[in-house]
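Biologist: I would like to learn how to read a model like this one. Please take me through it feature by feature.

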Amino acid sequence: MRRISRITVAGAATASLALALSACGSTSTSGSSDSKGDKGLAIAYDVGGKGDQSFNDAAYAGLERAQKEFGYETADVEPTEGETDADKEQRLASLAKQGYNPVIGVGYAYASAVKAAAEKFPKTTFGIVDDATINTKNVADLVFSEEQASYLAGVAAAKSTKSNVVGFVGGVDIPLIHKFQAGFAQGVKDTNPKVKVLSQYLTQTAEEGGFSSPDKGKTAAEGQIEKKADVVYAAAGLSGQGVIEAAAAKKVWAIGVDSDQYKQAALAKYKDFILTSAMKDVAKAVYNLAKSVEDGKPETGIVRGDLKTGEVGLSDSNPKFADDAELQEAIKTAKEKIISGEIKVKSS
């Protein structure tokens, strides 16, 4: 067990931490700062940062759980606009140098940075969310079968639409988001072949704001709703807030992603129009890696969450969704078939 520290400091905890991180993103920490290797979990956010009500916030929830349970010092660091892989590597290396362990890059964009930092700090465990390409003995690749949860979202959409038109809004046109689209479209078609799926990506690259522009998400959703879509599923990070806003304004269903967006405080005024969310338990994956380090048996290699492990699935916070017996039976049947292998969900 590492030294316990429960002091909370807002912003940059110490001058040394602030100096080390000033060139590569803001940070918040709890505890004092030294480099004795007795600190706990540190996470570096993906585009959108903390407060996206989705992917990054899920990672922060895992950090909060670890901090509460293990009583140690943690750090979470924001990205900066236009940053390079070298900036990301510097951020991770700075955290490792100060004694944080594990250090997690939240998002596939950290792949090269995690690989480089892990080679420089072989005694530190690193993690990366949503990337399975790093084969280094002190790195855990935390990945998920997003297409499986998206398939269930497709079932929900097909059972809920009245217009027989549903929409998918992807943040960035990349293979990771293709998994969400592919699973969703398959779930819709397997449930009701008569339902049309409208699909749109906001940008070609993350640098163009596909994951961080609610205005882009809102415009895309409004266009699909004009074309009669009455259920719109967004896999777009912070941009998904705009999709949910547009759906609520037009009184049609939105399906959230990654976190249970029905429960997010920032989206409370729209929650009556959030049917469900296709979740992946980033919080659990982050916490589990921290616990494995705390237990002296660090996770490494590919660590996958899917329907069978319970780390992807649909939220049921909205009573209108949870109390729809026919819809719940359809989702249950689809889930069982996916787990058994009877249904093979496409990932592209």
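Biologist: Which residues is Thr136 in contact with, leaving aside its neighbours within four places in sequence?

Modeller: Contact means heavy atoms within 4.5 Å. By that rule Thr136 is in contact with Lys115 and Ala118, with neighbours within four places in sequence left aside. Thr136 lies in the loop between β6 and β7. Helices (H or I, at least four residues) and strands (E, at least two) are DSSP runs, numbered from the N terminus.

Biologist: What kind of model is this, and how are residues numbered?

Modeller: It is a predicted model: local features need pLDDT of at least 70, side-chain atom pairs count only at pLDDT 80 or more, and totals for chains, interfaces and linings use all residues. Residues are numbered from 1 along each chain as its sequence is written, and side-chain values use heavy atoms, with hydrogens and water left out.

Biologist: Is Thr136 buried or exposed?

Modeller: Buried means under 20% relative accessible area, exposed over 50%, partly exposed in between (1.4 Å probe, protein chains only). Thr136 has 17% relative accessibility, so it counts as buried. Across the chain, buried residues make up 57% of the 348 residues.

Biologist: Which residues of helix α4 are buried, and what do they pack against?

Modeller: In α4 (residues 111-120), the buried ones are Ala111, Ala113, Val114, Ala116, Ala117 and Ala118. They pack against α3 (85-97), β5 (103-106), β6 (126-129) and β7 (139-144).

Biologist: How do I read a sheet?

Modeller: Strands of a sheet pair through backbone hydrogen bonds, either parallel or antiparallel. Two strands pair if DSSP finds at least two bridges between them. Here an open sheet of six strands runs β9-β8-β10-β11-β12-β14, with mixed pairing. The edge strands, β9 (196-203) and β14 (312-314), each pair on one side only.

Biologist: In which sense does β10 pair with strand β8 and with strand β11?

Modeller: Parallel in each case. β8 (residues 165-172) joins β10 over four bridges, with Phe168 opposite Tyr233. β11 (residues 253-258) joins β10 over three bridges, with Val231 opposite Trp253.

Biologist: Why is β10 largely enclosed by the rest of the structure?

Modeller: Five of the five residues of β10 (residues 231-235) are buried, so the strand is largely enclosed. Val231, Tyr233 and Ala235 point one way, Val232 and Ala234 the other.

Biologist: In which sense do β12 and β14 pair?

Modeller: Antiparallel, over three bridges. Ala278 stands opposite Leu314 in β14. Leu275 also lies in β12 (residues 274-280). At 3% relative accessibility, Leu275 counts as buried. Not counting residues up to four places away in sequence, Leu275 touches Ala156, Ser160, Trp253, Ala254, Ile255, Asn318 and Phe321.

Biologist: How do I describe two packed helices?

Modeller: Two packed helices are described by the angle between their axes and the distance between the axes. Axes are lines fitted to C-alpha atoms, for helices over the stretch in contact, and angles run from 0 to 180 degrees between N-to-C directions. The axes of α2 (residues 55-70) and α9 (residues 282-294) come within 7 Å and cross at roughly 35°.

Biologist: How many nonpolar, polar and charged residues make the contact of α2 with α9?

Modeller: Ala, Val, Leu, Ile, Met, Phe, Trp, Tyr, Cys and Pro count as nonpolar, Asp, Glu, Lys and Arg as charged, and the others, Gly among them, as polar. The contact of α2 with α9 has twelve nonpolar, one polar and four charged residues.
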